[in-house]
Number of protein chains: 2
Amino acid sequence: MDRTVHHGLEGVLAGESAICEVDHEIGGLRYYGYEIEDLAEHCSFEEVAYLLLMGALPNPDELFEFKEALVASRPVSQKTIDFLCQVSPSVKRMDVLRTAVSMLGMDESDHEANGHAANLSKAIRLTAQMPALLAALLDLPLDENVRTDPSLSHAAYLLTALTGVRPEPFAVKVINVSLILYAEHEFNASTFAARVTASSLSDLHSAITSAIGTLKGPLHGGANEAVMEMLLKIEAHGDVKQYLEERLARRKRIMGFGHRVLRKGDPRSNIIKAYAKKLGEQTGDERWYKVSTALEALMQHEKGLYPNLDFYSASAYYLLGLPIPIYTPLFVCSRITGWAAHIIEQHDHNRLIRPRCAYTGPKARAFVSLEERA
Amino acid sequence: MDRTVHHGLEGVLAGESAICEVDHEIGGLRYYGYEIEDLAEHCSFEEVAYLLLMGALPNPDELFEFKEALVASRPVSQKTIDFLCQVSPSVKRMDVLRTAVSMLGMDESDHEANGHAANLSKAIRLTAQMPALLAALLDLPLDENVRTDPSLSHAAYLLTALTGVRPEPFAVKVINVSLILYAEHEFNASTFAARVTASSLSDLHSAITSAIGTLKGPLHGGANEAVMEMLLKIEAHGDVKQYLEERLARRKRIMGFGHRVLRKGDPRSNIIKAYAKKLGEQTGDERWYKVSTALEALMQHEKGLYPNLDFYSASAYYLLGLPIPIYTPLFVCSRITGWAAHIIEQHDHNRLIRPRCAYTGPKARAFVSLEERA
């Protein structure tokens, strides 16, 4: 047995997957072979969700059917909505969402079935349910006419649910792009947690619950909320350079920069950056873009780090009028498709994920009875 | 980068840990250096929980304080109990328990604190709350006098909560031993899921929720329930050998045998086997022990596989009058201490767990617009 200790499993190939490829040579990212730039520019989120779950882009008929299935799956049981609405607003929204998805798992009639078809139908249902769950997280009523409106794309439905008004086409485009960019990123921590859970042949809802709990952490999905809180502080502070130097002097982490895998920059950052810029121009509120680009230049100069997807996503969400505590749940709304694709892949080719550890504790020692212990 | 694909992370050292050592040479298992046989024979579960959480066995004063903290932490919020009691009995108990623990995570006032002391206090609280949660899973009322009785050890409190009567000392001893045997097993799938979740700096309740969802699967904790259901079928069938041959001919898994790590036998199995035998003698119901030993001999002969901890635990629980759907939640009641010890260790020396995958999907390909797709 190889005695190398793989801290954080860095660089370890923990299995095979056909879903997502990180191309270090060109700094690219592909879902099932398609460049993220093409998908973000030309596709609806529904097309990308279909791609991730089925392995191929849909033709018009397949897309029509898939959208119909999503619209039909939008309702969430009143019991779950009631639960969400009675939780104190002081509770972290990711804790509430994790509990809500766990609760929805209790209702699944086909719960014990881990077959491909059952998993697919659970995945579509949970993806479709997310906007209603997020609206309830914000304690916003969701109009029945909105929920049942098949003319609303998933992005438009989500934005309407979160703002209460029919959104501008450009706002829908930004959310659509954001949903596509966040949808999948191979064996990231939350996806890997989902695969570990699924590998005991536990069910899809259990695995998604694990993923949500993992995404919550500030070293993962929680970063997008932390970025916006930082930008607000910098704006109040007034001097980006001084703020940064103070943080770095105190060895504090700057959120939204660097990535375990994408060391030479995150191709998704440039895409969302362009939308953050346009949103600033359109709304006439260019403060966040200015602060963000200044911080980006400084971080590259001082630390050699590039912004990741979370960095410009934060100010884009802010300019869309979305409340900060919903940013990480928005990540869930998107990544749920990648998680589900990985859970299905895990169940289709299952092997229990059970590593070993390097033991560093005390050597074998004689037992000492309670009375004799000092 | 090493291009070896580690399916199921088999044999990969995914990190360091001081908690538990599997000794392949002598077929031994040690918690912090103490042999599992010594701990099971001489300790209360409270002593072992203390050992796992603190890294040393307690002296009498420390144990007294620890027990006091456990008794004081037994109450569960009425909201959570109400939730548990209103769930339909047809819902899988592990789904309900996963949701309940996620819900308790929403209440944690020190929720965002991942510091050592905060984690320890959450771990003690959740361990102490488990018996009340399990009683509610069975829709059994928990007498206030039982819950607050400091003379009841954790094992006695648990068994009283699950049966409604003050148990015999030998029954308490069996549960105490079972709690010790199930408490910890290094980087098993549920513990590893907990560590992955904790590694994003998410909180202890999120990590335990991931672990429960993982333990649920039939390749992990769900096995103890499956063993008892199998024993009931064999007893009804009448002929162990014929039953086994039919199963093996249809390439069906025999539950409770073999282990990814303990290939030459599970040292815990012999310990619980002795208690299962005595329980059979005491109750005069020796059917399960007879069927079990017959199956053990056949499996060793036909497949070269040894029973694991789940195998004789199942019939021991059955003879204690515990309902089958509570067997895996009982595993949670015990393993929660090991999970918590690992989460604390992960947070104390954190590194995000983020492996890579070997990409097996389509090569980079040109985008095709929706209209052009066949």
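Let's start with the aromatic rings: a search of this whole predicted model turns up 21 aromatic pairs over all chains. A pair like this is described by two things, the distance of the ring centres and the angle of the planes.

Take A:Trp288 and A:Tyr318. Their ring centres sit 5.1 Å apart, and with 70° between the planes the pair is edge-to-face. Now look at where the two partners come from: A:Trp288 belongs to helix α15 (residues 287-303) of chain A, while A:Tyr318 belongs to helix α16 (residues 309-319) of chain A, so the pair ties together parts that are 30 residues apart in sequence. Are the two partners buried or exposed? A:Trp288 has 1% relative accessibility, so it counts as buried. A:Tyr318, at a relative accessible area of 29%, is partly exposed.

Next comes A:Tyr317, which pairs with A:Tyr327 edge-to-face, at 5.1 Å centre to centre and 65° between the planes. This pair also links distant parts of the chain: A:Tyr317 is in helix α16 of chain A and A:Tyr327 is in helix α17 (residues 327-348) of chain A, 10 residues apart. As for burial, A:Tyr317 counts as buried because its relative accessibility is 3%. A:Tyr327 counts as buried too, at 0%.

Which residues form one aromatic cluster? They are A:Phe187 and A:Phe192 together with B:Phe187 and B:Phe192.

Finally, check out a lysine sitting over a ring. In chain A, A:Lys278 lies over the face of A:Tyr275, 5.7 Å from the ring centre. In chain B, B:Lys278 lies over the face of B:Tyr275, at 5.8 Å from the ring centre.

Technical notes:
Residues numbered from 1 in each chain as written. Chains lettered and ligands numbered in written order. Predicted model: local features only at pLDDT ≥ 70, side-chain atom pairs only at ≥ 80, totals over all residues. Heavy atoms only, no water. Phe/Tyr/Trp six-rings, centres within 6.5 Å; stacked < 30°, edge-to-face > 60°. Helix = DSSP H or I, 4+ residues; strand = E, 2+ residues; numbered from the N terminus. Buried < 20%, exposed > 50% of the residue type's maximum accessible area, 1.4 Å probe, protein only. Lys NZ or Arg CZ within 6 Å of the ring centre and 35° of its normal.
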